[in-house]
Amino acid sequence: MNKKITEPENGLLTNQMDVNSTDFDKFQAKLLNKSRARTQEQNLNIELLALKYKIEDYLNNDNNEDVKIAGEFIKQYLRTLRIKQNRFAEYIGIKPSNLSKLLKGERPINYELALILGRIFKVNPMIWIEIQAKNELLRLKQVKHQELFKYSLKDLLRMDNNGV
Amino acid sequence: MIYILDTSSNQLVEAEIIPLTSKVNMPLKKDGWNFNWRLLTKQNNTQAYVLKLINNPKTVEGALQLRVEDGIMIMDVLEIAPHNVGKEKRYDYVAGVLIAYACRESFKLESNYKGFLTFVSKTKLIEWYKKKYGAESALGQRMFIAWESGQKLIEKYLNRSNDE
């Protein structure tokens, strides 16, 4: 028989967890058993999801103190999947030296490679392009900081009104 | 993009989850909130978040407090705004979005408990959590959402598109 579902009548939906109790220890042990019962494939999927979320967070984060190049994320994928760089270079059809440059950010990821990486790592290919675009904009913003100040919509409109 | 449902128009509206760091966003008891969120934000190894509409950033629609203990992600407090409770609720999906967000955070843990979101349910809401969010009971009111259900919630509530 289905148990009756009670919709919340109050906004507070949880109680706080008492972590200093034997019940918490038992709860933790149950979770650990669940975790250990995962298959290797399940663990791999979890790791891949975690990486995907980290990349999404990097792209959405406006705090740009810690710049990460796309190659760093590719390296993390390879580490998680335990795939050697040479083997990966061979698989995607590029020279190991070129992959090395790509991982260090010395060569950009082109659109074709973004599609390949997206397919292999099950992520939207755009993320590789977006990471590069974000990093390049950050770099230019720092380098051209002063120069950018001379541009504004107000100036543009004033110039237009003055018939310049 | 995060959306919640405006129940009066049946339209999805854009929302965002941001860390609760200032008084500006503080849910207050005088406004009908049950929890003293002011105290929570001062605790160590915890982070509180609020859910707000993009076009109405002054009102908090829901609040969440996460805590990591022994490598376990604990949703210590989950509260939805008084105007989002019951049959006359203003917005729906508030709890779902916050729970999905908490699940997503659990994937970032570097521990055996990666992908598990844990919490203590109100007694009356155990079946609600099971049915609606795929949660499982572990010990009394202590519950968890495993990674498969968590991933589904993330897709459903955090990656929704407005043309649904």
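## Largest pocket

A pocket is an open set of grid points where a 1.4 Å probe fits, with protein on both sides within 12 Å along at least five of seven lines, and its lining residues have an atom within 4 Å of a point. The model described here is predicted. Its largest pocket holds about 1,000 Å³ of space and is lined by 36 residues. Those nearest the centre of this pocket are Glu56(A), Asp57(A), Asn60(A), Asn61(A) and Arg104(B).

Five elements each supply at least two lining residues: α2 (40-60) and α7 (126-143) of chain A, and β2 (11-19), α2 (94-106) and α4 (147-158) of chain B. The largest contribution to the lining comes from α2(A), with seven residues. Sorted by class, the lining comprises 17 nonpolar, six polar and 13 charged residues.

## Interface between the chains

Contacts between the two chains involve 52 residues of chain B and 40 residues of chain A. The size of an interface is often given as the accessible area lost when the parts come together. Here chain B and chain A bury about 4,400 Å² between them, and 59% of that area is on carbon and sulfur atoms. Eight salt bridges are counted between chain B and chain A.

Side chains of opposite charge can pair when their charged atoms come close. Over all chains, the whole structure has 18 salt bridges. One pair crosses between chains, running from Lys108(B), in the loop between α2 and β7 of chain B, to Asp57(A), in helix α2 of chain A. The closest N and O atoms of Lys108(B) and Asp57(A) are 2.3 Å apart. Lys108(B) is partly exposed, at 23% relative accessible area, and Asp57(A) is likewise partly exposed, at 25%.

Within chain B, Lys30(B) forms a salt bridge with Asp31(B), with the closest N and O atoms 3.5 Å apart. Lys30(B) is exposed, with a relative accessible area of 71%, whereas Asp31(B) is partly exposed, with a value of 45%. Lys89(B) forms a salt bridge with Asp92(B), and the closest N and O atoms of this pair are 3.5 Å apart. Lys89(B) counts as buried because its relative accessible area of 18% falls under the 20% limit. Asp92(B), at 23% relative accessibility, is partly exposed. Elsewhere, salt bridges that share partners link Glu56(A), Asp57(A), Arg104(B), Glu105(B) and Lys108(B) into one network.

Leu78(A) is located in helix α3 (residues 70-81) of chain A. Leu78(A) is buried, with a relative accessible area of 3%. Beyond residues up to four places away in sequence, Leu78(A) touches Ile83(A), Gln85(A), Phe88(A) and Phe121(A). Of these, Phe121(A) is 43 residues from Leu78(A) in sequence, with a C-alpha to C-alpha separation of 9.7 Å.

Phe119(B) belongs to strand β7 (residues 117-121) of chain B. This residue, Phe119(B), is buried, with a relative accessible area of 0%. Leaving aside neighbours within four places in sequence, the contacts of Phe119(B) include Thr14(A) and Met17(A) in chain A. In chain B, Phe119(B) is in contact with residues including Met75(B), Tyr129(B), Ala135(B), Gln141(B), Arg142(B), Met143(B), Phe144(B) and Ile145(B). Phe119(B) and Val77(B) are 42 residues apart along the chain, and their C-alpha atoms are separated by 8.3 Å.

Key: Residues numbered from 1 in each chain as written. Chains lettered and ligands numbered in written order. Predicted model: local features only at pLDDT ≥ 70, side-chain atom pairs only at ≥ 80, totals over all residues. Heavy atoms only, no water. Helix = DSSP H or I, 4+ residues; strand = E, 2+ residues; numbered from the N terminus. Buried < 20%, exposed > 50% of the residue type's maximum accessible area, 1.4 Å probe, protein only. Contact = heavy atoms within 4.5 Å. 1 Å grid on protein atoms, 1.4 Å probe; cavity = no way out; pocket = protein on both sides within 12 Å on 5 of 7 lines; lining within 4 Å. Points joined across faces, edges and corners; volume = space filled by probe spheres on them. Nonpolar A, V, L, I, M, F, W, Y, C, P; charged D, E, K, R; others polar. Buried area = accessible area lost by both parts, 1.4 Å probe. Salt bridge = Lys/Arg side-chain N within 4 Å of Asp/Glu carboxyl O.
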